[in-house]
Amino acid sequence: MDANPHPMRRPHRLKLGLFSMNADGGLTLTRVPERWAATWDDIAAVARMADEAGLDFLLPIARWKGFGGEMNSREWSFETLTFAAALAGITRRIAVFSTVHVPMLHPVFAAKALATVDHASHGRAGLNIVCGWNPEEFELFGLEMIKDRYAQGLEWFEIMSRIYTEDAPFDYEGRFYSLKNVSGKPRPVQQPRPVTLNAAFSPEGRDFAAKAADYLFTTFTEVEKGRETIADMRARAAGEGREVGVYTTCHVVCRPTRAEAEDYYDHYSRAMADEASLDIYTAGKQKHSGSHEADAYRLYRQRFAAGGGTYPLVGTPEDIAAELERIAAAGFEGTTLSFVNFRDELPFFLERVMPLLTDAGLRQGNLSDA
Ligand SMILES: Cc1cc2nc3c(=O)[nH]c(=O)nc-3n(C[C@H](O)[C@H](O)[C@H](O)COP(=O)(O)O)c2cc1C
């Protein structure tokens, strides 16, 4: 094995990272006063904490509009390539992802920006390639949200890949891009390119991942259903002669007792949910995105207020470790974690859940101590 592998390629059986720390509310749509404000100093403190504890990755969300309602959550969000560059400078071991909306960012620019992050982080960059699902965000850029967004994504990815690998400048004639004399240096530290992920649930999204991503991040409503997604993704990747690891995405409320965890969960995501925003968010997702199983919106509305429709990990440290064991046993290679307030809540998770994961064989202790 590479002496200094990318953090996503370390030997932990279940990789863990923090998701959506760059945006207000994190993944929640709640009105509680302690909701994540995403100030830079809080983000920096949590990034350092995660790095020192040996977590594997930091994944920002790419958002250009808020979700209305009372809080207009996510209107405040830091741009993700500059975000990753800044975090690279204050962390040592953790992967720093950027999340790029294909239609909003030109691939020639993105290739150079990502290479910059990869150099500044000594090979810890990663790219989440998303094709967009919110028409309002497209309008903000004067763009129309087209149907075959993933076809554009593939051209975008091909251009970036060729910039990183070809010796001579090239012309590109595609459906979406017509470019002359394309080249760019430096190449990234990671060869042939930084690790990529794609977040999708739809068949089109999975096919895109099979061609362009090292990891698919996907949702499920119940852990066992995740097995089907993993098998399907493996088959699609094999069809391309590739392997794609499948990760999932969770939100966490971890407390000393189950009652405390459940009470707080209901408090922030039911009693104090931003209902108007929740209506806007779930209607928009249902109409324009295939990101969840069809039943999810009807059966699990609370999960959308609690963590953007990701899977809930609510309970004691033992409950949460047991649930993460089930997720790993289903075949997921890792998960994102989000909290109502990352800075207040991450320390308890690190102190109490991480040792249980090591005992369960899902983690190999803090490799950054090595
Ligand atoms: C872990 C994760 C991260 C995502 N990050 C973003 C993001 O930052 N910005 C965005 O517009 N969509 C994001 N999405 C949504 C996806 O890019 C995609 O639009 C959605 O999963 C629907 O894709 P599909 O219709 O191919 O299934 C994310 C989804 C997941 C599961």
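Q: Before we start, what should I know about the model and the numbering?
A: It is a predicted model, where local features need pLDDT of at least 70, side-chain atom pairs count only at pLDDT 80 or more, and totals for chains, interfaces and linings use all residues. Residues are numbered from 1 along each chain as its sequence is written, and side-chain values use heavy atoms, with hydrogens and water left out.

Q: Great, ligand first. Which residues come nearest?
A: There are 19 residues around the ligand, and Ala62, His101, Tyr150, Phe201 and Ser202 come nearest.

Q: How much of the ligand does the protein bury?
A: The protein buries 94% of the 620 Å² that the ligand exposes when taken alone. These areas come from the Shrake-Rupley method with a 1.4 Å probe.

Q: Which elements give two or more residues to that shell?
A: Strand S3 (95-101) and strand S4 (125-130). Strands are DSSP E runs of at least two residues, helices are H or I runs of at least four, and both are numbered from the N terminus.

Q: Switching to helix H6, which residues are buried there?
A: In H6 (residues 203-212), the buried ones are Gly205, Arg206, Phe208, Ala209, Ala210 and Ala212. Buried is under 20% relative accessible area, exposed is over 50%, and partly exposed is in between, using a 1.4 Å probe and protein chains only.

Q: What covers them?
A: The cover includes S4, helix H5 (149-165), strand S7 (195-199), strand S8 (215-217) and helix H7 (223-239). Contact is counted for heavy atoms within 4.5 Å.

Q: Now H9. Why does its span agree with what you'd expect?
A: H9 has 14 residues (275-288), which at 1.5 Å a residue should span 20 Å, and its end C-alpha atoms are 20 Å apart. The expected span is 1.5 Å times one less than the number of residues.

Q: Which H9 residues are buried, and where do they sit around the axis?
A: Ser277, Leu278, Tyr281, Thr282, Gly284 and Lys285 are buried. They cover an arc of only 160° around the axis, so they are on the same side of H9. The arc is taken from the directions from the helix axis to the C-beta atoms. They pack against helix H10 (296-299) and helix H11 (301-307).

Q: Where are the cis peptide bonds?
A: One joins Lys185 and Pro186, with omega about 5°, and another runs from Gln191 to Pro192, with omega near 0°. Pro186 is in the loop between strand S6 (178-182) and S7, and Pro192 is also in the loop between S6 and S7.

Q: What about positive phi, say at Ser20?
A: Ser20 is not a glycine, yet its phi is about 70°. Ser20 sits in the loop between strand S1 (15-19) and helix H1 (40-53).

Q: Is Ser20 buried or exposed?
A: Ser20 is buried, at a relative accessible area of 0%.

Q: And Asn181, buried or exposed?
A: Asn181 is exposed, with a relative accessible area of 56%. Asn181 is in strand S6 and has a positive phi near 60°.

Methods:
A residue is near a molecule or strand if one of its heavy atoms lies within 4 Å of it.
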